[in-house]
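The entries follow the order in which I checked them.

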Amino acid sequence: MQGPRGTKREEFEEVLKLVNYVFRESRNEPPNMGKWYPLIFNYDNLENMRIVLEDGKVVSHIGISESKIIVYGCTTKLGSIGSVCTHPEYRGRGLASLLLKDAMEKLDRDGVDIMLVSGGRGLYRRAGCVEAGIIYEFRVPQDKLKCFNFSDVELFPYKEEYLEEIVKLYQEEPVRFHRSLEDFRMILSTGAAMNRKAQTLLIRKDERILGYLVSQLPTQEGERKVSYIAEYSGARGAILDAMGSLFDRYGVQELVLSVPFYDEEFVYLCQRMGLDWTTKNIPGHTVKIINLPRLMERFCSYLQERLGKKEADLVKFAQEGDSFIIQLGKEQAVLDQKMFTQIVFGNKEPKVALKVSEKISKILRSIFPLPLVWPGLNYV
């Protein structure tokens with residue numbers, strides 16, 4: 001066995017052949033993994049295409065996309081994990097577990113604090129990943145069309161001449177990925193978002209670009225054709241006005257819109273319109289904090305704003321094995337890593353009573369949950 005290690009340049013096509021076989025061709029789908037996930041499958045990311053070789057060939061792979069994220073002005077690093085697979089003839093040997101362990105060690109070395117995994121299988125849960133990140137899922141049936149204002153805004157397909165407009169709109173988001181112009185150009189050219197074909201549409205009124213949304217092409221769910229909004233940015237009211245025209249554009253009977261809990265303006269507008277909603281964790285994903293002390297150090301200014309500088313300076317975080325520790329002066333609480341991750345990023349399940357002092361409990365309530373960035377176009 002060779003590995004785990006990064007991919008060599010001459011092995012790139014072999015890795016792509018493996019992931020296409022597992023995720024596409026074995027399911028009678030076109031081999032488009034390279035096109036749909038360029039944040040992983042590109043020659044500048046070879047060290048993050050982690051592989052194991054047996055019998056002289058690539059048989060197992062885990063993909064990593066490392067990104068800076070911005071949360072209320074604080075910057076940290078997030079590692080998105082996807083395209084995790086083993087050739088059927090080599091399964092049952094623990095190769096995926098080996099690769100995941102290697103990936104987490106590499107993320108820590110690279111200064112990555114949060115791991116966001118596209119999936120919730122036992123492999124990830126055994127490694128400490130949990131569901132987290134609260135969102136409101138609004139389902140918009142066709143009979144709610146009267147809620148939308150069709151005359152005020154125009155919705156039209158993205159062209160590269162509008163790339164800078166999209167970048168500006170996304171830059172205004174308080175919780176977002178750091179995407180270079182090249183990143184945006186690359187991911188907008190895929191024609192996909194969150195593992196489905198998708199179209200990016202701009203919203204315009206009086207020659208002014210007010211926002212954009214990324215709409216997945218319709219899927220059949222029972223008797224209804226449904227379209228999911230994979231990402232949005234810009235003026236929330238304009239986005240809502242524009243959504244109404246998606247019913248005619250795609251011939252759907254229902255739209256599904258996921259709004260993170262911290263986007264309070266959009267949540268309020270959707271609820272005011274009488275749209276049905278449920279709360280969920282980020283669908284199809286699990287999360288692990290790789291390095292809690294470093295994460296909270298990077299959120300120092302956030303803590304000072306929430307607690308005041310004097311108290312924030314007294315709060316310390318530590319990590320020992322599967323335990324996370326919060327200390328306030330002479331008091332401390334040792335919490336299970338999985339539970340603490342759900343405290344940090346939020347969890348839709350009822351809160352569990354924590355055996356901590358009232359002072360530490362107050363600290364936790366004051367600073368958590370932190371917003372967890374929505375995967376959107378960075379989905380891998």
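Entry 1, terms for burial. I call a residue buried under 20% relative accessible area, exposed over 50% and partly exposed in between, with a 1.4 Å probe and protein chains only. The model is predicted, so I noted that local features need pLDDT of at least 70 and side-chain atom pairs count only at pLDDT 80 or more, while totals for chains, interfaces and linings use all residues. Residues are numbered from 1 along each chain as its sequence is written, and side-chain values use heavy atoms, with hydrogens and water left out.

I pair rings of Phe, Tyr and Trp (its six-membered ring) if their centres lie within 6.5 Å; planes under 30 degrees apart are stacked, over 60 edge-to-face, and the rest tilted. My search of the whole structure found 12 aromatic pairs. One of them joins Phe156 and Tyr162, edge-to-face, at 5.2 Å centre to centre and 65° between the planes.

Phe324 belongs to strand S18 (residues 323-328) and Phe340 to helix H13 (residues 337-345), so the pair ties together parts 16 residues apart in sequence. Helices (H or I, at least four residues) and strands (E, at least two) are DSSP runs, numbered from the N terminus. Phe324 is buried at 0% relative accessible area, and Phe340 is buried at 0% relative accessibility. I also noted a cluster in which ring pairs link Tyr72, Phe299 and Tyr302.

Arg204 lies over the face of Phe156, 4.0 Å from the ring centre. The charged end of Arg179 sits over the ring of Tyr170, 4.1 Å from its centre.

A cavity is a set of points on a 1 Å grid over the protein atoms alone where a 1.4 Å probe fits but cannot get out; lining residues have an atom within 4 Å of a point. Which residues lie nearest the centre of the largest cavity? I found Glu173, Val175, Tyr232, Tyr262 and Trp374, out of 14 lining residues. Strand S13 (224-234) and strand S14 (254-260) each give two or more residues to this lining.

Notes: On a 1 Å grid over the protein atoms alone, a cavity is a set of points where a 1.4 Å probe fits but cannot get out, and a pocket is an open set with protein on both sides within 12 Å along at least five of seven lines; lining residues have an atom within 4 Å of a point. A charge sits over a ring if NZ of Lys or CZ of Arg is within 6 Å of the ring centre and within 35 degrees of the ring normal.
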